[in-house]
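Have the 3D view ready as you read.

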Amino acid sequence: MPQQVRAHRFEGEVAIVTAATLGIGYAIAERLGLEGASVVICSRKKQNVEEAVASLKKAGVKNVVGIECQISNGDDQKRLVDFTLEKFGKITILVNNHGINPAFGDMMDLEDRTWDKLFETNVKSGWQLTKLVVPHMQKHGSGNILFNASIGGYVPPAMIATYAVTKTAVLGLTKALAKELSKYRIRVNAIAPGVIKTKMSKALWESGEQGLAEAQEISMGRLGVPEDCAGAVAFLVSEDAAYITGETIVIAGGVHARL
């Protein structure tokens, strides 16, 4: 169902949202678009991109386009940025939403190539895309960058510990970039979702949501949905958060992750 949005905080803004054909990325693209942003989405499969663009338009997003993009490929990253500039002339918001988790098991059993793939996609590609986008934000005079980390970055779960370690790196990357880019009036923040009902996390919740909520000690007694993340992202990349940078919002229904 389309989100019920009454704000218009992003009129005149141009946002790139990576991995945005499903789940959290799709909800973020929808929320930013419904608040007036021109949105560019990307994903690995052309058909998924086309279907998501059509769905977003049907939901009421007026200016949305998409492009096929393998986010860890440098040429595809540049093509994404060039495509955005060609369509909308500027880039003011970047949401590094992408992430993979191809391995399940003990960290000591992980193969080197899987370790490298996790870090290349979950950490390095966001840094690379940020490097490509920042010069255009500098020309604009300001900008907002958002990373999708994970509560696992604070408390690594068993069996997906390496994925969690990449998200810990994203937390550090967020803080480092925020400090370095503040002189250009570019803010950098992150979200750290808990268990959100998406395709990626389906193996965790499909056998019973209530039992999982209890096992995770979720104070609110329910699992999150992508729209829970989208609202937090919209806040962080808006002027409502104008004095916030280098921060991460945990979106986990009250799960304790830090003091």
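## The cysteines

Cys 42 is buried, with a relative accessible area of 1%. Cys 229 is buried too, and its relative accessible area is 0%. Keep in mind as you explore that this is a predicted model.

How many disulfides does the structure hold? The count is zero. For Cys 42, the nearest cysteine sulfur belongs to Cys 69 and is 4.5 Å away.

## Helix α3 and its two sides

Now find helix α3, which runs over residues 74-88 and has 15 residues. From its first C-alpha to its last it reaches 21 Å, close to the 21 Å expected at 1.5 Å a residue.

Which residues of α3 are buried? They are Asp 76, Gln 77, Leu 80, Val 81, Phe 83 and Thr 84. Looking down the axis of α3, you would see these buried residues fall within an arc of 160°, so they line one face of the helix. An α-helix has 3.6 residues a turn, so residues three or four places apart point the same way.

The cover over the buried residues of α3 includes β1 (14-17), β2 (38-43), β3 (64-68) and α4 (112-140). On the face turned away from the buried side, α3 carries the exposed residues Asp 75 and Glu 86.

## The ends of α3

At the N-terminal end, Asn 73 caps α3, with a side-chain oxygen 2.9 Å from the backbone nitrogen of Asp 75. After α3 comes Gly 89, whose phi is positive, near 85°.

Technical notes
Residues numbered from 1 in each chain as written. Predicted model: local features only at pLDDT ≥ 70, side-chain atom pairs only at ≥ 80, totals over all residues. Heavy atoms only, no water. Helix = DSSP H or I, 4+ residues; strand = E, 2+ residues; numbered from the N terminus. Expected span 1.5 Å × (residues − 1). Buried < 20%, exposed > 50% of the residue type's maximum accessible area, 1.4 Å probe, protein only. Arc of directions from axis to C-beta. Contact = heavy atoms within 4.5 Å. Polar contact = N/O pair within 3.5 Å; in protein donor to acceptor, adjacent residues only side chain to side chain. Disulfide = S-S within 2.5 Å.
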